[in-house]
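Here are my notes on the model you sent over. Have a look at it first, then read on.

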Amino acid sequence: MKSCSIVLSSAALCFFVVSFSALAQEAKDAPAVQSPRWYNPAKYNPLKLIKRGPKSANDQLASNGDLETRLTHQLQVQGILPQEKNLQDACSDFKELAECVASLRVSRTLQVDFSCLKWDVTGVKPKPVADSCAGPAGGKAMGLHRAVDLLKPDSNAKPEANNALRRAHEDIKDAGG
């Protein structure tokens with residue numbers, strides 16, 4: 001009785017294997033007018049989600065030489081960047097160009113030392129920094145609004161930082177970036 005059930009189960013197994021291989025063969029021979037697959041690599045390309053732009057503010061300026069000259073001139077005319085200062089030097093160590101321009105704007109409007117603000121936002125201590133500057137805790141970079149709040153506690157840090165970032169994006173766009 002036991003050997004009979006083994007024979008029947010192995011026969012059933014062979015039948016299912018043969019039928020699945022026949023179905024697979026039929027599916028391979030079928031025309032390509034089937035329902036669309038749930039994933040279409042042409043439509044949903046995950047590599048498009050990865051931003052592959054320049055890595056730092058200096059890289060952004062270096063990749064577009066006209067942007068550097070136009071933006072430098074524009075910021076100097078507005079009185080945000082001093083005439084003797086170079087935008088490339090001011091934006092060293094920043095991850096994004098907009099963050100650098102926003103920091104320049106905030107330092108000008110709130111009368112905050114730019115080197116102190118740069119140290120807090122980038123986490124890298126600039127060489128000409130005043131002794132009165134409060135560096136970031138643990139040497140870690142902080143957001144612009146937190147740095148403004150640290151250096152100028154009596155100001156509205158978040159709206160000032162958001163306004164400066166918005167205007168920085170407009171400045172970069174106007175300069176051709």
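The points below go from the overall fold to a few particular spots.

1. Ground rules first. This is a predicted model, where local features need pLDDT of at least 70 and side-chain atom pairs count only at pLDDT 80 or more, while totals for chains, interfaces and linings use all residues. Residues are numbered from 1 along each chain as its sequence is written, and side-chain values use heavy atoms, with hydrogens and water left out.

2. The overall fold. The protein has eight helices and zero strands, where helices (H or I, at least four residues) and strands (E, at least two) are DSSP runs numbered from the N terminus. Of the 177 residues, 32% are buried, meaning under 20% relative accessible area with a 1.4 Å probe and protein chains only; over 50% is exposed, and in between is partly exposed. Among contacts (heavy atoms within 4.5 Å) with a separation of 6 or more, 54% link residues 24 or more positions apart.

3. How does α5 sit against α8? The axes of α5 (residues 97-109) and α8 (residues 157-174) come within 8 Å and cross at roughly 125 degrees. That angle makes α5 oblique to α8. For the record, axes are lines fitted to C-alpha atoms, for helices over the stretch in contact, and angles run from 0 to 180 degrees between N-to-C directions. Under 35 degrees counts as roughly parallel, over 145 as roughly antiparallel, 65 to 115 as roughly perpendicular, and the rest as oblique.

4. Who makes that contact? On the α5 side the residues include Leu97, Val101 and Arg105, and on the α8 side they include Glu160, Ala168 and Ile172. By class, the contact of α5 with α8 divides into nine nonpolar, two polar and five charged residues. Here Ala, Val, Leu, Ile, Met, Phe, Trp, Tyr, Cys and Pro count as nonpolar, Asp, Glu, Lys and Arg as charged, and the others, Gly among them, as polar.

5. α5 has another partner. It packs with α6 (residues 114-122) at an angle of about 140 degrees, the axes being 9 Å apart. Again, that makes α5 oblique to α6. From α5 come Glu99, Cys100, Ser103, Leu104, Val106 and Ser107, and from α6 come Phe114, Leu117 and Val121. The classes here are six nonpolar, two polar and one charged.

6. α6 itself is mostly covered, with nine of its nine residues buried. Among them are Lys118 and Asp120, as well as Trp119. The buried residues of α6 pack against α4 (87-90), α5 and α7 (144-151).

7. Now the cysteines. The model has one disulfide, counted as a pair of cysteine sulfur atoms within 2.5 Å. Cys91 is joined to Cys100, S to S 2.0 Å. The torsion about the S-S bond of Cys91 and Cys100 is about -85 degrees, so this disulfide is left-handed. Is each end buried or exposed? Cys91 counts as buried at 1% relative accessibility, and Cys100 counts as buried at 0%.

8. Gly176 lies in the segment after α8 and is partly exposed, with a relative accessible area of 43%. Gly176 and Leu71 are 105 residues apart in sequence, yet 8.4 Å apart in space, C-alpha to C-alpha. Not counting residues up to four places away in sequence, Gly176 touches Asn64, Leu67 and Arg70.
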